[in-house]
Amino acid sequence: MIFAFTPIYIRFVGIESYGLFGFYVMVQGSIQVLDLGMTQTMNREMARYSAVPDKAGETRDFVRTMEVCYWIIGIVIGVILWIVSPMIAKDWIRAESITIKTVQNIIMIMSIVLTLQWPISLYHGGLLGLQRHPELNVLKMCMSTLSGGGAVIILWLVSPTIMAFFIWQIVVTILHLFLSKLLLQRNLPMCLRKSKFSFELIQNVWHFAAGMSGITISAIILTQLDKIILSKMLTLKIFGYYSLASTLGSGLLMFITPVFNTIYPRLSYLVALGDQAKLKHAYHLGSQVMAVLILPLALTISYFSFDILFLWTSSREIAQYASNIVSVLIIGTALNGLMNLPYALQLANGWTSIGLKINTFFIIIFIPMIYFLTRTYGPIGAASVWVILNGLYMIIGVPLTHQKLLKGESWEWFSGDIFVTLVATFVATFIARQIFVSPMVPFVAILNLGITFIFVYSVGVLATPVTRSWALNRFLKKR
């Protein structure tokens with residue numbers, strides 16, 4: 001829905017006003033430092049509780065306890081953002097054609113949306129831990145459609161302003177919040193007594209939650225610092241270009257997040273059972289599926305970023321300015337996606353210290369690097385840090401993970417799960433790029449990109465053991 005409607009948003013409100021949407025996404029990502037690891041704790045504990053069916057009362061008490069804590073934090077976030085909105089509008093955001101008062105009012109509306117959205121991630125974390133993916137996915141698809149499609153109708157028929165966009169988000173978020181809570185409650189085990197708040201349950205998980213809190217804070221610094229710096233250094237219009245590039249660059253999350261959300265609770269469940277053989281199988285299966293899903297797409301978008309942006313926005317100016325940024329960001333996001341499975345293995349075993357130590361080390365190095373590269377090279381410099389960060393994380397993090405968990409599996413992960421797919425899809429995309437040369441007229445571009453996607457994905461599927469086996473079995477069964 002984001003990809004479908006973003007060009008329409010820009011046509012209605014303009015690229016500068018869209019920069020405010022980029023600012024909202026940056027704030028939304030940055031305030032995750034206040035999550036304190038509770039969403040991942042919720043996910044993990046629900047998965048563990050599902051392996052012990054006789055703890056229905058404790059399960060419901062845990063949900064109520066986490067819910068109370070989350071609502072308190074959400075209200076605090078909204079109040080603080082509301083109070084500081086005049087300072088942000090006046091001293092931080094560099095708007096050219098939008099008045100300071102309008103920017104302030106929009107930020108105040110953002111504070112309401114963020115407060116209402118805050119508990120939703122907790123409810124979703126609980127549903128993922130209970131492995132209720134189908135129901136949650138239906139809910140998220142419906143809400144995304146209502147949020148995006150409804151916003152287009154509001155901009156078209158009511159008011160073509162960014163303020164009208166955010167007011168509509170308040171309405172949709174209220175409905176999303178109510179349905180998320182209802183869905184989680186319906187999937188909790190039955191219990192005769194009412195659920196209650198329990199400090200004891202917080203004490204039982206505080207060690208894991210504290211580790212997750214440290215990882216979350218450090219990860220937010222590493223992933224959001226480029227946007228924070230750019231929102232101050234660049235004009236709102238140029239920041240809008242970067243935000244648009246980030247939206248396309250983060251498109252891989254459509255594949256990364258579902259794989260992580262499916263495999264992580266499964267790994268937590270198997271760790272709770274102590275089944276190492278199935279744990280190893282699920283881990284490598286998830287890693288190979290992740291590689292096949294994201295590497296062909298990332299390389300294709302990186303090679304054909306100009307053509308894709310031009311088709312998406314119908315603006316040659318946007319495509320020329322943002323294509324290089326997209327090419328860099330998408331590679332960094334792909335590397336980050338590949339690391340999601342080792343990260344899931346760490347969390348499933350309750351081992352949070354490794355992620356915190358690596359992130360802390362990177363913060364010391366990358367804060368000055370981000371500032372220097374942004375000052376020197378602008379948006380493309382900030383984007384390049386994302387690639388360097390995730391490349392080093394892979395080189396360091398995977399061997400360290402397998403020194404303690406699933407020992408001896410580093411080579412299998414690099415060579416069997418990742419490397420073959422990477423090389424095969426890289427060669428396939430390179431060949432396609434030599435055949436299909438930019439610039440292309442829209443119809444030819446659509447045809448050539450479609451052929452490229454099919455070709456590169458086919459190569460990726462056949463290069464990876466688990467997907468090759470699946471594809472051949474399907475083909476032979478059909479024959």
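Is Arg64 buried, partly exposed or exposed? With a relative accessible area of 31%, Arg64 is partly exposed, where buried stands for under 20% relative accessible area, exposed for over 50%, and partly exposed for the range in between (1.4 Å probe, protein chains only). The model is a predicted one, in which local features need pLDDT of at least 70 and side-chain atom pairs count only at pLDDT 80 or more, while totals for chains, interfaces and linings use all residues. Residues are numbered from 1 along each chain as its sequence is written, and side-chain values rest on heavy atoms, with hydrogens and water left out.

The structure holds five salt bridges, a salt bridge being a side-chain nitrogen of Lys or Arg within 4 Å of a carboxyl oxygen of Asp or Glu. In one of them, Arg64 pairs with Glu67, and their closest N and O atoms are 3.4 Å apart. The two residues are three apart in helix 3 (residues 56–92), so about one helical turn separates them; helices here are DSSP runs (H or I, at least four residues), numbered from the N terminus. Lys181 is partly exposed, at 30% relative accessibility.

Glu409 lies in the loop between helix 15 (379–404) and helix 16, and Lys280 in helix 10 (residues 276–303), so the pair ties together parts that are 129 residues apart in sequence. Here again the acidic residue, Glu409, is buried, at 10% relative accessibility, whereas Lys280 is partly exposed, with a relative accessible area of 37%.

Attention now turns to the nonpolar residues. The largest nonpolar core has 138 residues, and Leu20, Phe23 and Phe166 touch the most other members. Such a core is a set of buried Ala, Val, Leu, Ile, Met, Phe, Trp, Tyr and Cys residues joined through side-chain atoms within 4.5 Å. Helix 4 (residues 100–129) supplies the largest share of this core, 14 residues. Beyond its neighbours within four places in sequence, Leu20 is in contact (heavy atoms within 4.5 Å) with Ile93, Ile98, Val103, Ile106, Met110, Ile162, Phe166 and Leu236.

On the surface, a nonpolar patch is formed by Phe419, Val420, Leu422, Val423, Phe426, Val427, Phe430, Ile431, Ile435 and Phe455, which together have about 860 Å² of accessible area. Patches of this kind are made of residues with over 30% relative accessible area and no salt bridge, with nonpolar side chains (Val, Leu, Ile, Met, Phe, Trp, Tyr) joined within 5 Å; the areas come from the Shrake-Rupley method with a 1.4 Å probe, only the protein chains shown counting as cover for residues. Helix 16 (residues 410–435) gives the most to the patch, with nine residues. Phe455, in turn, lies in helix 17 (residues 442–463) and is partly exposed, at 37% relative accessible area.

Thr464 sits in the loop between helix 17 and helix 18 (465–478) and has a relative accessible area of 0%. Its side chain makes a polar contact of 2.3 Å with that of Thr421, a polar contact being a pair of N or O atoms within 3.5 Å; within protein, one must be able to donate a hydrogen and the other to accept it, and residues adjacent in sequence count only if both atoms are side-chain atoms. Not counting residues up to four places away in sequence, Thr464 touches Gln288, Val292 and Thr421. Ser327, in helix 12 (residues 316–338), is buried at 15% relative accessibility and, its neighbours within four places in sequence aside, is in contact with Ser302 and Ser305. Gly249, in helix 8 (residues 236–249), is buried with a relative accessible area of 2%. With residues up to four places away in sequence left out, Gly249 touches Leu329, Ile330 and Thr333.

Technical notes. Patch = residues over 30% accessible without salt bridge, like charges linked within 9 Å, V, L, I, M, F, W, Y side chains within 5 Å.
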